[in-house]
Each structure stands twice: as C-alpha cells, then as structure tokens.
Amino acid sequence: MDIVMGSGGNSGDQQEASNPARKGNKAYQRHTVHQSQTLEAFFKECPHPDENQRLKLGRELGLDSKQIKFWFQNKRTQIKAQADRADNSALRAENERIICENNAFKEALKNVICPACGGLPYGEEEHQHSLQKLQLENANLKEEHEKVSKFLTKFVGRPISQVDLSAPFPASSMDLLTSTTTPGAGNLPLDNVVSLGIPDIATLPYQFNGVTDTEKSLMLETAARAMDELISLLKIDEPLWVKSPIDGKYIIHHDSYEKIFPTATHFESSSVRIESSKDSGLVSMRAMQLIDMFLDSEKWVDLFPAIVTKAKTIQVLEPGMIGNKNGSLQLMYEQMHILSPLVPPREFYFLRYCQQIQAGLWVVVDVSYDFLKEVSHAWKLPSGCMIQEMPTGCSEVTWVEHVEVEDKSQIHHLYQDLIGGSAAYGSERWVISLQRMCERIAFSVEESVSRHDFGGVIKLPEGRRNIVKLAHRMVKSFCSILSMSGNLDISQLSEVNKSGLRVSVRKSTEPGQPSGVIVSAASSLCLPLPCESIFNLFKDEKKRVQWDVLSSRNPVTEIAHISTGINSGNCISIIQPFVPTENGMVILQECCTDSLGSLVIYAPMDKPAMNLATRGEDSSNIPILPSGFIISSNGCQETGGNHSSSTSANVPPSGGSLLTVVFQILVSSSSLSEEVSVQSVASVNSLMSSTVQKIKVALRCRNLD
C-alpha cells in the first residue's frame, strides 16, 4: 500500500516537503490542529469509515475524500506497529525470565541427592556401567545354569525340562526306575521313568516378593483396561462374536477384535493359537455368594474341582467395598487341568478385578500380568463373567474365555480335537461346572435325610453333610493327581493300543491321605459309544462285577444314597462289597454327570472311619485314596447342520467318547525301595490292563484296538 499522507497530524506532510524527488508533484499542506483533532476523535469512534462518512468529513474539514481515506489507512498502520512493538517487548521479557528459571534449575540439579540412599544420582556413565555389570552377571548365571542342566540330564536320564525340581530329589539312583520291564506285568509295557515325589500344592513355581507402589499402579491400570474390554465383549455380539462353522458356538472374530482392541502377541512361536468362547446359564446361587467364592482361592477350587487343581491368592491389592466387593483387586495363581494326564495343565498368574456395574449386577475379570508370562505357555486375555442377581434368588451368569496358547509339545492324538476346540477349557465348561456345583451345594444343605437312604446308615443331618464334605474332598484329591507332572507318556501303548499310560510313584505324608508309598496310574482310550452309555455302566452297582477286578465277581449293594442334583446320575453312595475277607471295608463313591461328560470316583474306607463320618464327627483327617473314571466326548464335530446327538445310537455323530481310567494303590507304609517299586508298578499295570479289557467286554467293544 502506498502511504501518501502522514499519520497523527503532520509527519506525512513533513516527509513530503523534505523529499526533493517529489518536487514535480502536487504540493501537500499540513493539516490544521482542528482537522487533526476532528480526525482523531472520529477514528476513536469508527476506525473504518465508509464512503459516505469520508465525504461528510471532507466537507466539514475542507479535505478531499482520498485525503480522508489515506489518513485513516496510515493511522491504522501506525496503531498496528505500536501494538507489535509492545508485544515484542513483552515476549522478550518473558523469554529472559524463562532463561533465568532454566539456569536456576540446572544449578539445582547439580546438587540433588537420591531420596532412597542420600547419595548422588546416577549419571549416564554410571548407568551404562551398571547395565554392563548386570549383563555380565546374567551371562555368568546362564552359563552356570547350562552346566547344572547338563549334569542333571546325565544323572537323571532325561532333559532337565521334564524333571520336577520342586519335588524332593532322590538320594541315590536306586530311587529312579529307568527302562524297566517286569515279567508278569500284563500286556502294558513299562519303559520310561517312574518318578518319586510330587510338589507341595502350596508351592508356587514363581516366588513372589511383593508388589511395589509402581507395580500396583500398573496393575490397577491393566485391570481397568481389562474390565472395559470384557464389558464390551459381554455386551457386543456382532461383529465381535461370530458362530463357529464347526460346532455353531460363538467365537471371537479376531479381525474385528484387533480393530477395536489392538494387542501384541505374547508368544513368538508359530504354534500359537487363540481360544475364545462365550456362554451363559442360570445358576442356583445368589450373586453376592458367587462373588465371595470367586474372590477366595480355596473356595474357587471347591467350586471348580474338575477344572482348577491349584489356586492361591498371592496378594490382595484392593479389598473392595464392604458388602459388595466393588473395586476388589487381587493377584492370583492357578493351575488348570482336566480329563487326563495326556492333557497338559495350564498355569496362570493373573489379576482378578471385581466391579459392581449397577445394583444387582457384577463383572469379574481375569487378565494375565506381564512380568509373570514366562511361567506358563498360556496367556489369559481379558476373560471372566457377568453375574446378574435374579428375583428368584438365582443368578444369570454370562461367561467369556479368551486365551492365547502356545503348544510347546504336540497334544496327544486322543485329545487333539477336544483341546483344539473350545470344549476343553471353554466358557461352556465353566458355566456347566458352576451350575452343577451350585446345585450340589443347594442339595447338600438340606436338613432332611434322603428318602433313598437305605438301611438307616445315615441317621442325622450332620452325618449327611459330613459324607457330602468327605466325598467332595475325595473328588478334589482325585482331580489333583491327574496331571502327574514330571512323568512321561508310555509310547508303546500309545502307538499299539491307541491309548496312553502314565505312572507315578510318590511317598505321601499329606493329611487326609494314607501315609506311605502310593502308586498312581492312568490310562486313556477312545470308545465308539456315547458318554451316557459308558456312565451307566459305572454308576450301576449291579454292573460293578463286570469291570471291578478287585470284586472277584462278588456282587455289591448300595447301603446309602445321597442325591446331589436333579439328575439321578448326580449322587453319593456308600457301597458294601460282598467279599468275605473284606467285611471291615466299604466304598464311598460319587457320580456326577452333565452335558459335557461324567465322573465316577470311589475310594475304599474302613467301616470305623465311615461310622465316624456318618455320626457327624470330624472327618477331615480320615485317610482317603480315590480311584475312578472320567468320561467326555472326543471333541469331533460334524461341520454345519445340527450337532445334537442321540444317546440311543451306538455311535454318536461326535465320533465317540474318551475314557480315562485312574487307579491309586498304597503299596507300602515304609520307605520306597527298588524292589517294592518294581513290584508295585507291575501290579498296577496288571490291574489297569485287566480292568480296561473288562470294560471293553462289558461295553461290547472287545475287538477295539
């Protein structure tokens, strides 16, 4: 813009008069005082006059319209320049102040001390030196670990990864039975290691030393994110959940999941797979009672004895509100194992967080925590359940399971289909198990003696409750020994008979079990029959002579019966064998069944001990050594269509059932010797072989390989 007039009075006129290059142009006159005052006053009211206003001012002051226009332009430019100079001065002062503060902070940092030790803080050089020292120490420890591993591998005879280091190590090589084949042991070969000792249930594979404040903050943040994710998984169906083409059950659509909840893979192996499932059901227990049991590790095992074999609350980070447990946060450990020793157990260190969403509605979320992931080959993504209190006193439970699994070793072929799907550890199993156990608890608190109680064996409600507790302890003990960790699958049996056998020898000193050397053996096989047909064989005491080798073909009779559910197959029985030499012995047996499978677990007991229990006296120390059977589907499904199967068919569409036979025998009350061990293992082998053959004959499957 060409500035042709001065601003604020006469500066423009003076400039024009002193400029000799403008001598040929029109002469300009200085504004009078009256003109300048009038223009200044009008500028304050209106700095941007229009054409009419400029013409009116020109007539009043005797000036041309262009002169008025240029005066206002110059005045506005002058005001803007003055404002810019003021802003520059303010910014320059602020910059100088910040520089002074920065210099002061630098001086203060030179004199800072460590609040923990009172010494000078680490500089960059000290930090690098400390890091190098730790790396060197770590390398030395790895080298030492490799040396010890090689030595133990040479001594034990198998890789150190298969040795249970938490168990007491034998004092001599006589305590380890390697490559043993015993004549007369039946047709089941023994050519693998039989280990002595089992780890203490209370012993954790990871020694935890407490949670720091920083870790606690991270755990709270992790739990809050997991809660938000689980609530979304519970409320949203499509596109997060889609029906599986294999069995028609809901699984997570992982492309949609990754878009909403992007997460990193926790395992680098190519054998990683994702298990996801969602299921719901009505449970005969109040919501708050369920919450209390979920937040108590011992009650958690009691509620799911056939799934959770070990559990421990490591630290309660937040106790939650009194009365509703809202905000409760715990760091927990659990070991899960089902069905057979051929199924690998899973271990988790995880956070359990409880939140009350609204009145009568709770959500409990479990999520694995980062620094513990090296413990297990399974990683729990946000999983858990929503519990809705119902007016009837029951609860509606919706369960979500979402787990990342790394199959380090190949799954036994008998259980590949079952473990590869969602039926093994999926939400349906959790919901159905919870329904059955809550029903069992409801039946156990009945005061009246069952009308099916024969012979008046159980006369008091206290005795009835005592037998129910004793049977539950028997079931827990049975399920806890199933993993048989540290023992190997017998390869010949797996290949020839399409089955699997595992044997363990341990010295028991635990309360509630017989003291001495116990041999445990388990064998799994596939039968082309529905689960119900196999279950009916074992639950009927009249058919016991068809499979029980120890009964010597003598019949047995049920002298007491306690129902533990609406299904007649869910019951506890006291059985009297008709064996002349066993007049002082009875059998405690519990049968339980649901849509996923069945359990039949039994244990011989002395009559005096049983009488003590039926009188309602303390039975917690009565020794009990259970054996039994586990029945489940084999996991095969037809693709598409209706997947329901009729139990009347000889071969259901699922392809058959899996049966696991488990025996435990007390072989010696003294210390274990090589001679006792070999004879004991041979006896258990013979017993297992004979029982399996009798079962096949009773089920008309004798020609089954």
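Trainee: Among contacts in the chain between residues at least 6 apart in sequence, what percentage join residues at least 24 apart?
Mentor: This is a predicted model, and contact is taken as heavy atoms within 4.5 Å. Among such contacts in the chain, counted between residues at least 6 apart in sequence, the share that joins residues at least 24 apart is 66%.

Trainee: What percentage of the residues in the chain is buried?
Mentor: The chain holds 16 helices and 18 strands. A residue counts as buried when its relative accessible area is under 20%, and of the 705 residues in the chain the buried ones make up 46%.

Trainee: Are α11 and α12 roughly parallel or roughly antiparallel to each other?
Mentor: The axes of helix α11, residues 427–444, and helix α12, residues 461–480, come within 10 Å and cross at roughly 155°. Angles over 145 degrees count as roughly antiparallel. The two helices, α11 and α12, are therefore, relative to each other, roughly antiparallel.

Trainee: Which residues of α12 make the contact with α11?
Mentor: The residues of this contact divide into four nonpolar, two polar and three charged. On the side of α11 the contact is made by M437, R440, F443 and S444, and on the side of α12 by R464, R465, V468, A471 and H472.

Trainee: How far apart are the end C-alpha atoms of α11?
Mentor: Helix α11 is mostly covered, with 15 of its 18 residues buried. At 1.5 Å a residue, its 18 residues should span 26 Å, and this agrees with the separation of the end C-alpha atoms, which is 26 Å.

Trainee: Which side chain is joined to that of E428 by a polar contact of 2.4 Å?
Mentor: E428 lies in helix α11. Leaving aside its neighbours within four places in sequence, E428 is in contact with K249, D279 and L596. The polar contact of 2.4 Å joins the side chain of E428 to that of K249.

Trainee: What separation lies between the C-alpha atoms of I274 and E404?
Mentor: I274 is found in strand β3, residues 272–283, and is partly exposed, with a relative accessible area of 37%. Leaving aside its neighbours within four places in sequence, I274 is in contact with H254, H402, V403 and E404. Although I274 and E404 are 130 residues apart along the chain, their C-alpha atoms are separated by 4.7 Å.

Trainee: Which residues is E215 in contact with, leaving aside its neighbours within four places in sequence?
Mentor: E215 lies in helix α6, residues 213–235, and its relative accessible area of 25% makes it partly exposed. Leaving aside the neighbours within four places in sequence, the residues in contact with E215 are G210 and Y369.

Trainee: What is the relative accessible area of K325?
Mentor: K325 is found in the loop between β4, residues 308–318, and β5, residues 329–336. Although K325 is not a glycine, it has a positive phi of about 60°. K325 is partly exposed, and its relative accessible area is 29%.

Trainee: Is R700 buried or exposed?
Mentor: R700 is found in the segment after α16, a helix of residues 674–698, and it has a positive phi of about 60° although it is not a glycine. A residue counts as exposed when its relative accessible area is over 50%. With a relative accessible area of 79%, R700 is exposed.

Notes:
Residues are numbered from 1 along each chain as its sequence is written. This is a predicted model: local features need pLDDT of at least 70, side-chain atom pairs count only at pLDDT 80 or more; totals for chains, interfaces and linings use all residues. Side-chain values use heavy atoms; hydrogens and water are left out. Axes are lines fitted to C-alpha atoms, for helices over the stretch in contact, and angles run from 0 to 180 degrees between N-to-C directions. Helices (H or I, at least four residues) and strands (E, at least two) are DSSP runs, numbered from the N terminus. Angles under 35 degrees count as roughly parallel, over 145 as roughly antiparallel, 65 to 115 as roughly perpendicular and the rest as oblique. Ala, Val, Leu, Ile, Met, Phe, Trp, Tyr, Cys and Pro count as nonpolar, Asp, Glu, Lys and Arg as charged, and the others, Gly among them, as polar. The expected span of a helix is 1.5 Å times one less than its number of residues. Buried means under 20% relative accessible area, exposed over 50%, partly exposed in between (1.4 Å probe, protein chains only). A polar contact is a pair of N or O atoms within 3.5 Å; within protein, one must be able to donate a hydrogen and the other to accept it, and residues adjacent in sequence count only if both atoms are side-chain atoms.
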